[in-house]
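The following note comments on a structure that is shown below.

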Amino acid sequence: MNIIRFVKNWMLPIAMAIGVASYYVYVNIPALDGTHAVVNRAIGYVQPALLFCMLFVSFCRMSIRELKPRAWMLELLAIQVVSFVMMGLLIVWMPNVAGRVVIESAMICMICPTATAAAVVTTRLHGNANVVVSYTCLINMAVSLFVPMMVPFMHESNMPGLTFEISFLLILAKVFPLLIMPLVVAWFVRHLFPKFHAYILRQTNLAFNLWAVSLALAIGVSVKALVHSTEGLGTMIGIAVVSLICCVAQFGIGRLIGRRHGEPVAGTQSLGQKNTVFAIWMGYTFLNPVTALAGGFYSLWHNLVNSWQLWRVRTSPKE
């Protein structure tokens, strides 16, 4: 029982450690060298499936009426969108600015949408998961609009075919299956399969356990991005530092805004906890591929913050 309790209490750092260890063990087994391509493709399917299931379980626990946006969410949107656009305009006006890769990395960290798992963490922190899911929908719509508007101007020379329409469709294809479809499926299950819906509701730890598996995979993907980077140490340190600054700033600002409106936990997680798999993909697809490292570093930082938050909640005196 002590072992089980220990694993439950320290699920996040354990999952992170498993993700790192699994990558290094796997790539250092010569007999498995021929399986790398297959495993990469498999992870590409497994990760979205886990995210889909997590959001499906979250939607099963709430009704659509509970997902209405709050006016104060515009403050969170403004932080992400304005910072992204301002840094993007700086690059458009000064394409040869020093530290361009670091600036683009900061852009990714700021505009990256809220993680699907943020609702799971919010529930564990005794916050309002409905607010986080509502904001997740809003920020994904904002990303679908503002990233395609900005990126073609930043990389028009080396991405001549990257129009607003193409960028929009690429992002929509990435967002729609993992955001809208779980809501639709949860609605059908609630109304057509009430017994199965009741069974899902009884599995109180299901979303958290799915998140632990997803986290281990995400950390493994992040470690791969870092290991295979050919960038110099100075650039990697710069990206690591700027991603840390963006992480701490967004957790802090999110908490300040959320506290003003009676939702400190929801505000914190909505702005601070990111879909880092999406961030890595966005870096490879739209910006300098090196900026994908920002998603890998941010994944480390925000999960360390989450681990600390959960530890604080677990060890704080019960009122």
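1. Helices here are DSSP runs of H or I with at least four residues, and strands are runs of E with at least two, numbered from the N terminus. The model is predicted, so to speak of local features requires pLDDT of at least 70 and side-chain atom pairs count only at pLDDT 80 or more, whereas totals for chains, interfaces and linings use all residues. Residues are numbered from 1 along each chain as its sequence is written, and side-chain values use heavy atoms, with hydrogens and water left out.

2. Helix α5 (residues 100-111) contains both R100 and E104, which are 4 residues apart, about one turn of the helix. Their side chains form a salt bridge with an N to O distance of 2.9 Å; the term denotes a side-chain nitrogen of Lys or Arg within 4 Å of a carboxyl oxygen of Asp or Glu. Both R100 and E104 are buried, where buried means under 20% relative accessible area, exposed over 50%, and partly exposed in between (1.4 Å probe, protein chains only).

3. How many salt bridges does this rule give? The count comes to 2. E75 pairs with R260 in a salt bridge whose closest N and O atoms are 2.4 Å apart. Because E75 belongs to helix α4 (residues 73-93) and R260 to helix α11 (residues 233-260), the pair ties together parts that are 185 residues apart in sequence. E75 is partly exposed, at 26% relative accessibility, while R260 is exposed, at 57% relative accessible area.

4. Helix α4 also packs with helix α7 (residues 129-154), at an angle of about 15 degrees and with the axes 10 Å apart. Axes are lines fitted to C-alpha atoms, for helices over the stretch in contact, and angles run from 0 to 180 degrees between N-to-C directions. α4 and α7 are therefore roughly parallel to each other, a label used for angles under 35 degrees.

5. A nonpolar patch lies on the surface; its residues, among them L169, F176, I180, W187 and Y199, have about 1100 Å² of accessible area together. The elements that give two or more residues to the patch are α8 (164-192) and α9 (194-202). α8 gives the most, with 9 residues. I180 lies in helix α8 and is partly exposed, with a relative accessible area of 32%. Patches are made of residues with over 30% relative accessible area and no salt bridge; like charges are joined within 9 Å and nonpolar side chains (Val, Leu, Ile, Met, Phe, Trp, Tyr) within 5 Å. Accessible areas come from the Shrake-Rupley method with a 1.4 Å probe, and for residues only the protein chains shown count as cover.

Notes
Angles under 35 degrees count as roughly parallel, over 145 as roughly antiparallel, 65 to 115 as roughly perpendicular and the rest as oblique.
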